[in-house]
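Q: I am new to this structure. Could we go through it together, one topic at a time?

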Amino acid sequence: MSQLLTTRQADELHKSIIAYLLSAGMTESAASLRKDSNLADTFDEVTAKKYETLLEKKWTSVVRLQKRIMDLEAKNMALQNELDSATPLSSNRKIDPATWLPKNPPRHVLEGHRFPVTSVAFHPVFSSLASASEDCTIKIWDWELGELERTLKGHTKAVLDIDFGGPRGGTLLASCSTDLTIKLWDPSDEYKNIRTLPGHDHSISSVRFIPSGAAGAPLSGNTLVSASRDKTLRIWDVTTGYCLKTLKGHTDWVRAVTPSFDGRWLLSAGNDQVPRLWDVNTGEVKISFLGHEHSLECVAFAPSSAYTHLAALAAYKKPPPASSTGEFLATGGRDKLIKIWDNRGTCHKTLVGHDNWVRGLVFHPAGRYLLSVSDDKTIRCWDLAQECKCVKVVDEAHQHFISSIRWAPDVAVQPTSDLGANATTSTAKKEEGTSGGKIRCVIATASVDLNVRVFAG
């Protein structure tokens with residue numbers, strides 16, 4: 001007898017088989033089994049009735065359970081694969097933040113907008129990502145989970161740009177639109193629209209919070225800059241909604257503006273093909289950059305972490321001090337070119353590679369790379385340490401023109417005790433970004449294909 005079954009289990013199995021054989025008309029087989037299993041005297045009609053369908057029920061139950069087990073194993077394997085490809089950024093996967101670059105496939109493809117997506121922006125603290133669209137809405141996503149959190153409605157025409165920032169401890173979301181207004185939204189109050197800033201005479205293309213550079217909270221600030229098709233830049237006080245300055249100098253549509261990391265300088269560019277560097281305090285143009293031959297779409301200041309590479313490119317004897325901002329900058333546009341300049345107006349490198357308009361630029365927080373996106377549907381990564389050689393191309397990053405790229409803010413690093421400081425200094429330096437925090441290996445891109453894509457390490 002099989003050692004797998006107890007005596008009672010074996011007895012019940014025999015009775016079930018005998019009952020099944022009788023019900024199937026196989027009386028001789030049933031009689032033989034009754035004799036061999038010593039059940040000839042105890043197996044009567046009542047017992048046969050009791051066990052008649054038991055074997056069939058058990059058999060079908062086993063088949064169902066086997067199928068269920070196979071389904072669960074397949075599901076478990078799928079979940080494990082998803083877990084492997086979507087490990088949280090707080091895990092210990094060995095990624096060097098200083099050299100991480102995006103690659104396909106993206107972590108998430110965020111779908112929901114009904115018209116082209118024009119801009120994306122990361123919340124400075126939480127895992128929230130905002131996207132603006134020509135469908136007049138702003139959507140707030142959880143970029144870690146890839147889920148839509150809410151949709152903000154208020155603009156009456158296409159929303160062209162968005163940015164997080166604002167006073168210390170009071171992060172706001174700013175948006176600008178072709179409806180000639182800038183709106184401020186409060187993330188701490190369910191993204192309530194707390195203020196609308198009118199004043200521009202034409203579409204507002206770009207909006208950015210200006211950092212104060214103050215000790216303890218250098219990225220916070222009470223002012224905002226906007227760029228418009230009315231050929232002006234405007235600086236606003238976000239607490240009162242008043243326009244503090246109107247900067248005039250461009251001769252055509254101003255499409256892009258960005259502040260330096262300490263808020264001292266503004267860099268703007270547009271259809272007049274001439275980027276301009278402005279002094280925020282005086283509102284005057286410090287320098288104009290001549291060299292592009294078509295309308296410009298994007299501008300970016302290089303972080304101080306890039307100065308070593310860019311100083312070598314510019315043949316400087318030594319890099320500018322890290323405390324100095326606005327030393328180097330990049331511009332890109334419809335001539336399909338990216339130009340890298342110093343703040344004296346000298347172009348030190350022209351990057352050739354994109355096959356269509358260059359629409360967005362962002363420097364790697366560690367300073368070695370410049371990333372660009374284009375209407376050619378690619379993300380290109382340029383190595384500043386190799387004379388701006390294009391070292392990586394993410395082909396088909398989107399299915400249509402790519403309109404925007406942003407890098408997630410650094411993770412704030414809590415001060416450590418002196419005891420552990422020496423042990424972690426080299427690692428911390430390696431992972432340190434522009435703001436002194438730990439680099440997040442996350443970027444987001446927006447596209448005319450109606451999607452937002454999140455690329456993460």
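Predicted model: local features only at pLDDT ≥ 70, side-chain atom pairs only at ≥ 80, totals over all residues.

Q: Why does 4.1 Å not make a salt bridge?

A: A salt bridge requires a side-chain nitrogen of Lys or Arg within 4 Å of a carboxyl oxygen of Asp or Glu, and arginine 380 is 4.1 Å away.

Q: Where is aspartate 376 found?

A: Aspartate 376 is in the loop between strand E23 (369-374) and strand E24 (379-383).

Q: And which backbone nitrogen lies 2.9 Å from a polar atom of its side chain?

A: That is the backbone nitrogen of aspartate 355.

Q: What does UniProt list as "repeat: WD"?

A: An unreviewed UniProt entry lists several spans under that name, including residues 247-288 and 351-384. In the model, residues 351-384 are 0% helix and 56% strand, with end C-alpha atoms 11 Å apart. For residues 247-288, the values are 0% helix, 55% strand and 14 Å.

Q: New topic: is strand E2 buried or exposed?

A: In strand E2 (residues 117-122), 6 of the 6 residues are buried, so the strand is largely enclosed by the rest of the structure.

Q: How does E2 run relative to strand E3?

A: E2 and E3 (residues 128-133) run antiparallel, joined by 5 bridges. They form a hairpin with 5 residues between them, and valine 120 stands opposite serine 131 in E3.

Q: Lastly, how is the chain divided into domains?

A: Domain 1 covers 7-69, and domain 2 covers 108-411 + 440-456. Their C-alpha centres lie 77 Å apart.

Methods. Residues numbered from 1 in each chain as written. Heavy atoms only, no water. UniProt positions renumbered as here; feature names shortened; annotations may be inferred. Helix = DSSP H or I, 4+ residues; strand = E, 2+ residues; numbered from the N terminus. Domains from an automatic or database assignment. Buried < 20%, exposed > 50% of the residue type's maximum accessible area, 1.4 Å probe, protein only. Pairing = 2+ DSSP bridges. Lys, Arg positive; Asp, Glu negative; His and termini not counted. Polar contact = N/O pair within 3.5 Å; in protein donor to acceptor, adjacent residues only side chain to side chain.
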